[in-house]
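Please examine the structure shown below.

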Amino acid sequence: MKRFLIGLFLYFLIGGCGWLFAAEDASESVFHGGKSEILSSDPDRATKAIRKWSEPSEWNEKDDPEDTPYFWDFDAVGRQVFIRIIKNDNREGELEVWLKGRESQVFELFKTYRIAFFSGEVGPKTAEGDWQAPEGFYYIKRSRMNPASNYHLSMDIGYPNAYDRHHERTGDYLMIHGKSVSIGCFAMTDASIEQIYTLVDAALKNGQAVIRVHCFPFRMSATTLEKKTDSRHFEFWENLSEGWDWFEAHLVPPDVGVIDGRYVFSHLP
């Protein structure tokens, strides 16, 4: 309850600012999101959102869903999903949705969503209450989907993972959710979370076992990483960059394990 009340306070304090930002300069390359006509108090909001973004016959808004500001593709619903998050900062954070190709095994960038807000700064979450958003390799499964979230719709990414537990990091219920407000999660606008939730839900229904979610502080190029050598997080970020490079090389999310307190990466079976 305390976390929820803090979230409501932040929603009114900063959520409006995040909302105004989300509405600016929408383009096909980065979807800034917006409000939804589906109320967060509606007990059937998940069902209505999934129908809205899955079935063209359910679309009842005046705008063309395939054009500005939505740039939606109904045919994308049901393909396998991979999510990559690049935190940057609270004005530049991005959530990328990649979909498995229709005729290939590799993933293609479908859409980039602006993160409305995440608390803290670049750097991993290490403790309950530090208000940091996680960095690392996580996944969403069916039981982590919450259609009745206090934050419109939400998906638990599974923090802490095996790496976090090895390093005695604490915290729980770290989500991708709506409402544009965060106390450690990745907050999207309601329009954005409805689209993402629909894609994840359909992929899971079609047999994808888990949705991999890779969270990075920034785009892990060698040039950018070289500028971070003085950070106390540099060794951790170097390890994260191995997972980034794997995906960039193969365009398939790697199988991720933990050996001796480090992430290791290999081909999926």
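Over the face of which ring does Lys228 lie? Lys228 lies over the face of Phe218, at 5.1 Å from the ring centre. The model is a predicted one, in which local features need pLDDT of at least 70 and side-chain atom pairs count only at pLDDT 80 or more, while totals for chains, interfaces and linings use all residues. Residues are numbered from 1 along each chain as its sequence is written, and side-chain values use heavy atoms, with hydrogens and water left out.

**Charges over rings**

- A charge sits over a ring if NZ of Lys or CZ of Arg is within 6 Å of the ring centre and within 35 degrees of the ring normal.
- Besides Lys228 over Phe218, Arg84 lies over the face of Trp244, at 3.8 Å from the ring centre.

**Aromatic pairs**

- The structure holds 19 aromatic pairs; rings of Phe, Tyr and Trp (its six-membered ring) pair if their centres lie within 6.5 Å, and planes under 30 degrees apart count as stacked, over 60 as edge-to-face and the rest as tilted.
- One of these pairs is formed by Trp53 and Trp72, which are edge-to-face, with 5.3 Å centre to centre and 65° between the planes.
- This pair links distant parts of the chain, since Trp53 belongs to helix α2 (residues 45–54) and Trp72 to the loop between α2 and β2 (81–86), 19 residues apart.
- Phe82 and Phe247 form a tilted pair, at 4.6 Å centre to centre and 45° between the planes.
- This second pair also links distant parts of the chain: Phe82 is in strand β2 and Phe247 in helix α6 (residues 234–250), 165 residues apart.
- Phe82 is buried, with a relative accessible area of 0%, and Phe247 is buried at 1%.
- Ring pairs also join Phe137, Tyr163, Phe216, Phe236, Trp244, Tyr263 and Phe265 into a cluster.

**Overall fold**

- The protein chain has six helices and 13 strands; helices (H or I, at least four residues) and strands (E, at least two) are DSSP runs, numbered from the N terminus.
- Of the 269 residues in the protein chain, 52% are buried.

**Confidence**

- The protein chain averages a pLDDT of 87, and 88% of the residues score at least 70; pLDDT is the predictor's confidence in each residue, from 0 to 100.
- Over residues 1–27 the pLDDT is below 50.
- Where pLDDT is low, the predicted coordinates should not be read in detail.

Technical notes. Buried < 20%, exposed > 50% of the residue type's maximum accessible area, 1.4 Å probe, protein only. Contact = heavy atoms within 4.5 Å.
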